[in-house]
Amino acid sequence: MKFEIPQKEYMYPGHVACPGCGGAYSMRMALKALGERTIIVIPACCWSIIDGPFPLHACKPPVFHTAFETAAIAASGIKAGLDIQGKTDITVMSWAGDGGTLDIGIQALSGAAERNDDFIYVCYDNEAYMNTGIQRSSATPWGAWTTTTPAETPKSEPKKNITEIMIAHRIPYAATTTLAYPDDMIRKFKKAKSIKGTKFIHIFAPCPTGWKMAPDLMVKICRLAVDSNVFPLYECEYGIHYTINHIPKKPIPVEEYLKPQGRFSHLTKAMIEHIQKSVNFEWELLKQRAGVS
Amino acid sequence: MKKVITGNHAVSYGAQLARSQVIAAYPITPQTQIVELLSEFCASGKLNAKFIKVESEHSAMSACIAAAATGARTFTATSSQGLALMHEMLHWAAGARLPVVLANVNRAMGPGWSVWTDQNDSLSQRDLGWLQFYCESNQEVMDTVIQAFKIGEKVLLPVMVILDAFVLSHTSEPVDIPDQELVDRFLPLPPVNLPYKLDVEDPHAFGALTSPDHYYEIRFKIQKAQDEAVQVAKEVDEEFKNILGRGYGIVEPYRCDDAKLILVTSGTITGTARIVVDSERVKGRKVGLLKIRMFRPTPIKELREILPRAQKVVVIDRNISFGHSGVFCQEIKSALYGLPVQPTIFGFIIGIGGRDVTAQDIEEIVDYASKTEKPDSIILWRGVRL
């Protein structure tokens with residue numbers, strides 16, 4: 001099936017992202033899906049910089065910068081403010097990093113999801129505090145190097161599963177996506193826009209700087225993450241109806257995904273085996289939830 | 001219509017009559033009744049507002065800020081720990097120049113847990129750019145909430161209306177609740193007329209990374225707005241008086257003209273001090289009282305005009321800035337600095353953590369200050385039991 005990506009751009013050249021930034025590319029795709037009647041909320045994260053310092057502004061829609069832990073509640077507040085003024089056709093989207101979502105922002109996010117406030121919450125996940133210089137977050141995977149988990153003692157806890165946490169809130173829509181599959185990404189943003197209530201989109205968004213990887217591998221590494229089942233593409237409606245959107249015919253070994261990334265270069269064979277086992281285990285769990293054999 | 005209501009409900013009526021559009025709040029004693037009644041107003045349709053029942057005070061303030069950025073008129077209420085949790089976002093509200101109105105019920109900070117009144121919670125937030133009003137009666141509470149929206153929306157700064165825990169919050173007094181039509185004549189209908197707001201037809205970025213080339217001037221302008229707020233608050237109070245028949249001034253001098261000793265108070269201690277002033281006058285002592293209603297911006301001009309009339313100024317602080325002295329006392333000393341004639345200033349601390357402040361306490365304070373040439377310490381502790 002041929003999939004058309006909208007030609008119109010709502011994010012302009014001149015932003016200040018690093019080369020190969022997954023977060024920058026993902027915003028470009030998200031806005032193509034949502035259009036200009038959108039208000040973007042950005043808490044402290046790489047995008048606080050990427051959109052441009054005052055008086056610059058790289059996106060067509062308005063951007064509301066807010067404090068680190070307030071991405072979700074700021075969206076709730078904006079939606080309430082617009083609704084009471086009769087402006088009910090505007091999409092409000094929070095756009096937060098993994099630290100702002102899985103760590104410091106999870107309280108406000110959980111509160112908004114419990115109230116089913118009407119907005120799209122996006123976590124663009126680059127698996128560490130990249131804007132402050134690559135410190136571990138609860139999204140950093142097991143075994144990864146960061147500046148606070150040195151190679152001698154790499155991260156010893158598994159990545160927190162934020163998508164399942166959000167699904168457990170029984171929100172109308174939660175999905176994972178990544179930029180190697182722009183058709184999947186755009187479809188999911190359009191779907192989220194069409195649903196009332198809290199929508200959560202988890203984007204796998206590589207950071208070549210923090211992952212110690214060549215910037216031109218940005219798209220490829222996303223594809224490897226999906227094809228190795230490290231980051232499966234799926235969606236879930238109302239906390240119950242799971243759909244896996246891409247089932248690799250024969251998953252590639254995780255080693256192929258890990259190898260191009262310097263943050264994993266210290267891993268021993270046994271550690272890679274441990275990662276492979278965890279990925280297999282999580283994939284089987286997901287398949288069970290989705291009723292796929 | 002006159003009703004006998006608590007200070008908390010006076011706040012609720014004020015926020016309702018001001019036609020608040022977005023309310024976000026979290027329960028905390030002794031504030032909770034404010035938002036309970038507002039919830040009822042929203043549920044019954046007496047108030048057309050979105051009420052976001054948030055999971056924390058931090059989120060309450062964040063929601064108000066975000067909603068205010070769309071032009072909605074926003075309100076919240078809190079107390080003590082809740083206000084402290086909001087601290088980061090209190091900075092944000094002022095920095096973003098959004099006229100959020102917040103009612104804070106003065107309650108002492110833990111530990112140990114206390115639900116009783118003192119001013120350390122709100123005075124810890126005095127340097128952020130918020131306007132602060134301290135109230136003496138339930139009528140003043142309701143009227144100040146209504147005034148707060150008008151003042152804040154004129155100078156584009158958030159406003160905190162402050163009332164004492166229990167002494168006002170849970171004490172019933174007769175309050176004249178005005179007709180909506182009168183309040184509408186006083187306060188423009190929402191939405192708020194902001195110079196820039198979140199609008200897809202006129203998109204801007206708000207609060208972006210700001211270099212040293214721009215940041216300094218943004219802070220300079222907050223101070224300018226605070227300066228401007230002194231006059232604006234006086235004018236708004238005057239307009240309120242013309243339409244609704246009641247005014248308070250930013251400070252209220254009581255029997256100060258010929259006073260040899262002036263008590264300086266805020267909040268409900270004022271009501272007790274008034275009685276003491278009258279009884280001291282009967283005894284022949286020329287005692288006056290200056291009530292500070294607006295504390296931010298500090299009414300420096302008024303303090304400099306009124307207080308040097310007396311030889312002695314006795315500041316009563318229900319708060320303590322640890323490592324220094326009472327906050328009002330410090331600020332009054334600072335305001336009077338450089339005057340050719342300086343009154344002797346006595347700084348009393350009293351009533352911390354809600355310990356009762358009685359007329360007898362204030363009489364004894366007056367007696368001590370009358371008979372003492374100079375205080376022997378910058379802090380005069382009243383009623384410490386060791």
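Colleague: Which side chain of chain B meets A:Arg37 in a salt bridge?
Modeller: B:Glu201, at 2.8 Å, N to O. A salt bridge here is a side-chain nitrogen of Lys or Arg within 4 Å of a carboxyl oxygen of Asp or Glu. This is a predicted model: local features need pLDDT of at least 70, side-chain atom pairs count only at pLDDT 80 or more, and totals for chains, interfaces and linings use all residues. Side-chain values use heavy atoms, without hydrogens and water, and residues are numbered from 1 along each chain as its sequence is written, with chains lettered from A in the order in which they are written.

Colleague: How many salt bridges between chain A and chain B?
Modeller: Two.

Colleague: New topic. How many residues does each chain put into the contact?
Modeller: Chain A gives 40 and chain B gives 39. Contact means heavy atoms within 4.5 Å.

Colleague: And what area is buried?
Modeller: About 3000 Å², with 68% from carbon and sulfur atoms. That is accessible area (1.4 Å probe) lost on putting the two parts together, summed over both.

Colleague: What stands opposite A:Phe64?
Modeller: B:Phe206, in β9(B). β2(A) and β9(B), residues 205-206, pair in the parallel sense over two bridges. Strands are DSSP runs (E, at least two residues), numbered from the N terminus. Pairing needs at least two DSSP bridges between the strands.

Key: Helices (H or I, at least four residues) and strands (E, at least two) are DSSP runs, numbered from the N terminus.
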